[in-house]
Amino acid sequence: MKKIINALFLLLLFIHVSSHAATRNVCTSGATYATITAAIAAAANGDEIVICPGTYNESLTFSQSNLTIRSSTGNRSDVKINNSGRIFTFSGANITIKDLTLTSTSGEAIRGAFTFSAQGTHTFQNLTINARDNGIHLNIGGPHTFKQLNITSSQGNGINLEYFADAAHVFDTVTVNSWDSGIVVSRGVGSMKTINVSSSNGAGISVGSKYSALFQDIVVTAKNRALWMVYSDGLQPQTFTNVTATSQNQQAINIERSTKMTFTNITATANSDNGIEFNYDTDGAHTLDTVTVNSSGSGIVAARGLASVKSAN
């Protein structure tokens, strides 16, 4: 009986240890894995891929969930992953990618597949991304976190979140320089803080206004609408604080559909249109406090209602 108990104890101990996440180290020499591809192929759900400084020319596709991929130093300039096409394609849930520099010369840098297994909350942190197409493109899941990102897209969007990525996503300290729109969110934002966006041929920030959100410390310049709150279901109030929006061809700030909007310390410049425009479906008691508008058209246009305008210039 004692031998049976001991055997059962050892078996349970083995299962317990085996179930723990593994750290898989990648280095060009002296580590278990010489490539990121090999480490990902060996990884199980919950594992961590830790990459030594160097340049890796790889295209990485995986389906595991709860996977973390990061540099060993925490310095994003130490690990460079390059590819002519897409760098990351994943279909797992709860993925974290951080502390890396990614360069795709002909495609997207990061793409979350449109499968229900790719739901969950993804985190992208401390990344430099250079892509010809979208920097980050997600179809589903959330809320996702985008923090300490510097994204350049020569032909696409900086960040593109599709309709089924339905959650209050978090953006914190994000810089985007893009050809098309800088940040596109189809269903919802929880917060955008310390955001700098420049779009040479599209909208700056385009958001579906499903969730109540805080937009704070935003600088956005665009060829078309700089800050564009578009149609979405489940309307919630939005708060904008310390926003500078500049458009070359359209409105600096355009609100298509919303309930109450609160604007504080806003500078809106529209070289060819109205400065701030609330369309007919923006039926709420909007408040504007400390607002400066420079425009070739009307300064502030409100089709349905303003509760107060204070310190406007």
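Helices (H or I, at least four residues) and strands (E, at least two) are taken here as DSSP runs, numbered from the N terminus. On that basis the protein chain has two helices and 26 strands. The model is a predicted one, so to speak a computed picture: local features need pLDDT of at least 70, side-chain atom pairs count only at pLDDT 80 or more, and totals for chains, interfaces and linings use all residues. Residues are numbered from 1 along each chain as its sequence is written, and side-chain values use heavy atoms, with hydrogens and water left out.

As for overall dimensions, the C-alpha trace of the protein chain spans about 85 × 45 × 30 Å along its principal axes. Of its 313 residues, 46% count as buried, meaning under 20% relative accessible area with a 1.4 Å probe, protein chains only. Take the contacts (heavy atoms within 4.5 Å) with a separation of 6 or more: residues 24 or more positions apart account for 47% of them.

Eleven strands make up an open sheet with parallel pairing, in the order 4-7-9-11-13-15-17-19-21-23-25; two strands pair if DSSP finds at least two bridges between them. At the edges sit strand 4 (60–62) and strand 25 (300–302), each pairing on one side only. From one strand to the next, the twist averages 10 degrees, with axes being lines fitted to C-alpha atoms and angles running from 0 to 180 degrees between N-to-C directions.

Inside this sheet, strand 11 (residues 136–140) and strand 13 (residues 159–164) run parallel and are joined by four bridges. Here I140 stands opposite F164 in strand 13.

Conventions:
Buried means under 20% relative accessible area, exposed over 50%, partly exposed in between (1.4 Å probe, protein chains only).
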